[in-house]
Amino acid sequence: MFTKKLLIISNIVFVIIISILVYILLFMGTEMVKLPDDNRIIVKYEPDLRDLVLSEMRDYLEVMNEIQQGLAENNPDKIVKAAIRQGQISLEATPLRLLKLSPLACKQMGFRGHDIFQAIADSARVNFKRTTTINQLAELTNNCIVCHRTYRLEMK
Ligand code: HEC
């Protein structure tokens, strides 16, 4: 009689524990993350332009990483090869449609980024000094930061 009661009680406890676990798993941790106020200006691009811009952004990061590797290895050729990819060549390949849809300051920061990539390539080729490249990288990163603080993309 006593063991039967114990069995029932332990089963009830078991079910309660399982229910609590299921509740935690399914219903907790799904609340929205609270972000600081987002005052960035929205820029609207069509899906293809948005994809192009974002894939270019990801390439910026890769190029910067290759430049840093070049610095660590004291290898100016690596820096030139990487930086050129997002320099003048990339600037010239910018679609007109993208320029039309971008606010003026946004365009200017975009141009500025490509100019600095080009300057990194040029000075590493002509007269490589690590401190020069590091300073240019700092200037470049600052340009990324200012633009990211100012704009946000949305689909048209
Ligand atoms: C002309 C403005 C501008 C400049 C300059 C700029 N970005 Fe961006 N970047 C953006 C915008 C706008 C987004 C989208 C942000 C959003 O919608 O929340 C973005 C997104 C990104 C993303 C996310 C990509 C993805 O797939 O979602 C990366 C990575 C990035 N930028 C890296 C960089 C780096 C590195 C630099 C500097 C070399 C840089 N960006 C310079 C405007 C800029």
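The radius of gyration used here is taken over C-alpha atoms, and the globule rule is 2.2 Å times the number of residues to the power 0.38. By that rule a compact globule of 156 residues would have a radius of gyration near 15 Å, but the protein has 27 Å. The structure is a predicted model, in which local features need pLDDT of at least 70 and side-chain atom pairs count only at pLDDT 80 or more, while totals for chains, interfaces and linings use all residues. Residues are numbered from 1 along each chain as its sequence is written.

**Overall form**

The C-alpha trace of the protein spans about 95 × 40 × 25 Å along its principal axes. The protein has seven helices and two strands, where helices (H or I, at least four residues) and strands (E, at least two) are DSSP runs numbered from the N terminus. From the N terminus on, the elements run α-β-α-α-α-α-α-α-β.

A residue is called buried if 20 or more other C-beta atoms lie within 10 Å of its own, exposed if 12 or fewer, and partly exposed in between, with C-beta atoms placed from the backbone. Of the 156 residues of the protein, 13% count as buried. Two residues are in contact if their C-beta atoms, placed from the backbone, lie within 7 Å. Among contacts between residues at least 6 apart in sequence, 73% join residues at least 24 apart.

The expected span of a helix is 1.5 Å times one less than its number of residues.

| Helix | Residues | Expected span | Span between end C-alpha atoms |
|---|---|---|---|
| α6 | 23 residues | 33 Å | 32 Å |

In α7, the buried residues are Thr133, Gln136 and Leu140. They lie on the same side of α7, because they cover an arc of only 65 degrees around the axis; the arc is that of the directions from the helix axis to the C-beta atoms. Thr131, Ala138, Asn142, Ile145 and Arg149, on the other side of α7, are exposed. The partners against which the buried residues of α7 pack are α2, α3 (76-85) and α6.

In α6, Gly113, His114, Ile116, Phe117, Ile120, Ala121 and Ala124 are buried. These buried residues pack against α2, α3, α4 (88-92) and α7.

Arg125 is found in α6 and is partly exposed, with 15 other C-beta atoms within 10 Å. Leaving aside neighbours within four places in sequence, Arg125 is in contact with Pro76 and Val80. The C-alpha atoms of Arg125 and Ile79 are separated by 8.6 Å, although the two residues are 46 residues apart along the chain.

Glu56 belongs to α2 and is also partly exposed, with 17 other C-beta atoms within 10 Å. Glu56 and Ser90 are 34 residues apart in sequence and 9.3 Å apart in space, C-alpha to C-alpha.

**Shell around the ligand**

A residue is near a molecule if its C-beta atom, placed from the backbone, lies within 6 Å of it. There are 18 residues around the ligand, and Met57, Tyr60, Cys144, Cys147 and Leu153 come nearest. At least two residues of the shell come from each of α2 (47-72), α6 (104-126), α7 (130-150) and β2 (151-155). The most come from α2, which gives six residues.

The shell divides into 12 nonpolar, four polar and two charged residues. In this count, Ala, Val, Leu, Ile, Met, Phe, Trp, Tyr, Cys and Pro are nonpolar, Asp, Glu, Lys and Arg are charged, and the others, Gly among them, are polar.
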